[in-house]
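Please look through the structure below together with its sequence.

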Amino acid sequence: MRFVILGAGAVGGTIGGRLADTGHEVVLLARGAHAQAIASHGLRLAMPDRVISVRVPVAERVDELDFRDGDVLVLTTKTHQTTQLLDELPRRDLPVVCAQNGVANERMAVRRFTAVYGVVVMLPAAFLEPGHVDAQGAPYSGLLDVGRYPHGSDDTATAVAAALARSGFVSNAVQDVMRWKYAKLLRNLGNAIQALCGVDMSDSDLEQVQELDALARAEAEACYRAAGIDWASDEEWTSHRGMQVQWTPVEGRDRAGGSTWQSLVRGSGLEVDYLNGEIVLLGRLHGVDTPVNRLLQVRAHDAARRGARPGEMRPFELLSALAR
Ligand SMILES: NC(=O)c1ccc[n+]([C@@H]2O[C@H](COP(=O)([O-])OP(=O)(O)OC[C@H]3O[C@@H](n4cnc5c(N)ncnc54)[C@H](OP(=O)(O)O)[C@@H]3O)[C@@H](O)[C@H]2O)c1
């Protein structure tokens with residue numbers, strides 16, 4: 001089994017780097033200065049306890065990859081980048097594993113590929129400099145449960161989970177991966193707030209962020225109920241997820257923001273249409289009003305379009321906009 005990591009940024013670099021470090025065959029797809037840095041010096045993967053240089057083949061374009069039987073395609077782009085990449089892939093008979101947030105990637109993939117797998121991604125990582133990825137989880141780099149889409153499991157899910165579990169992740173094959181991914185989506189509705197308001201803030205700002213997050217989440221749960229979508233409860237989440245992946249500083253660096261914050265910093269476009277936007281879509285389809293998620297979607301897009309930096313807004317401005 002060879003792992004073809006499609007989009008070797010924060011998550012893809014961590015997964016590909018750790019798989020390669022335990023002897024699995026890995027190739028990376030990256031682009032621009034990042035791809036060139038990896039080709040010249042290897043991928044520098046910094047973890048809380050050590051730094052490794054990952055020397056594996058890297059391609060800048062899909063047509064430079066020589067796909068073969070036994071390849072597992074691991075999709076680790078942001079969701080707004082998924083369809084463009086899927087459309088370039090020549091071998092639709094290969095399994096596609098979506099190690100991404102949101103619940104939309106699997107549906108995009110299964111429109112084109114037969115064997116599609118979802119992964120619940122709990123993996124704190126940062127990609128802010130070409131050639132460098134910080135994998136900030138400890139004692140494990142991430143929790144990456146794998147399941148066949150739309151449900152069930154099979155030999156591929158089991159083999160992928162086993163390879164990940166040998167490589168510094170907690171990973172099991174699960175029957176109901178989308179139930180967990182809908183629960184994870186609830187935990188990503190605050191990504192846009194973090195990108196807009198930044199990470200350094202006063203206690204009162206933090207309280208308002210928590211208020212916004214709770215409002216966004218309540219809307220999402222109302223949409224799930226209206227749409228008949230099942231999701232893993234908080235109790236299940238806490239008992240299953242445990243404390244096995246704690247954010248831990250890497251080389252003394254302070255915590256950067258999460259993946260949406262990083263996208264805004266790097267100017268690489270936001271996947272907010274598939275996070276808050278997923279809730280807005282469900283609301284429109286099932287007659288649930290979603291003003292908070294709509295506001296976050298619109299404001300985050302606007303910030304990305306203008307090339308704004310994280311932290312340009314205070315949370316009270318978002319709350320005031322809702323009150324108008
Ligand atoms: N980062 C985290 O801590 C974290 C945690 C949990 C879940 N996630 C989720 O995991 C997924 C991946 O996030 P991420 O933070 O790893 O994103 P990321 O750091 O932006 O990595 C994605 C990489 O894919 C590259 N890419 C996109 N399209 C490509 C193409 N056609 N050809 C070559 N390279 C391409 C991007 O290049 P460009 O930069 O040039 O666009 C980028 O290097 C997202 O769904 C995210 O929400 C992230």
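## The ligand and its surroundings

Helix 1 (10–21), strand 9 (125–129) and helix 10 (259–266) each contribute at least two residues to the shell around the ligand, where helices (H or I, at least four residues) and strands (E, at least two) are DSSP runs numbered from the N terminus. This is a predicted model, in which local features need pLDDT of at least 70 and side-chain atom pairs count only at pLDDT 80 or more, whereas totals for chains, interfaces and linings use all residues. Residues are numbered from 1 along each chain as its sequence is written, and side-chain values use heavy atoms, with hydrogens and water left out.

Domain 1 (2–181) and domain 2 (187–323) both give residues to the shell around the ligand, so the ligand lies between them; the domain bounds come from an automatic or database domain assignment. There are 25 residues around the ligand, and those that come nearest are Val-11, Arg-31, Gln-81, Asn-101 and Glu-271, a residue being counted as near if one of its heavy atoms lies within 4 Å.

| Residue | Polar atom in the residue | Distance to an oxygen atom of the ligand |
|---|---|---|
| Ala-10 | backbone | 3.0 Å |
| Arg-31 | side chain | 2.9 Å |
| Gln-81 | side chain | 2.9 Å |

Taken alone the ligand exposes 890 Å², and the protein buries 91% of that, with accessible areas from the Shrake-Rupley method with a 1.4 Å probe, where for residues only the protein chains shown count as cover.

## Buried residues elsewhere

In helix 5 (residues 155–165), the buried residues are Ala-157, Val-160, Ala-161, Ala-163 and Leu-164, where buried means under 20% relative accessible area, exposed over 50%, and partly exposed in between (1.4 Å probe, protein chains only). They cover an arc of only 160° around the axis, which puts them on the same side of helix 5; the arc is that of the directions from the helix axis to the C-beta atoms.

Lys-181 has its place in helix 6 (residues 177–186) and, at 2% relative accessibility, counts as buried, while its side chain reaches the backbone oxygen of Cys-98 at 3.4 Å. Leu-270, found in the loop between helix 10 and helix 11 (276–286), is buried as well, with a relative accessible area of 7%.

Methods: A polar contact is a pair of N or O atoms within 3.5 Å; within protein, one must be able to donate a hydrogen and the other to accept it, and residues adjacent in sequence count only if both atoms are side-chain atoms.
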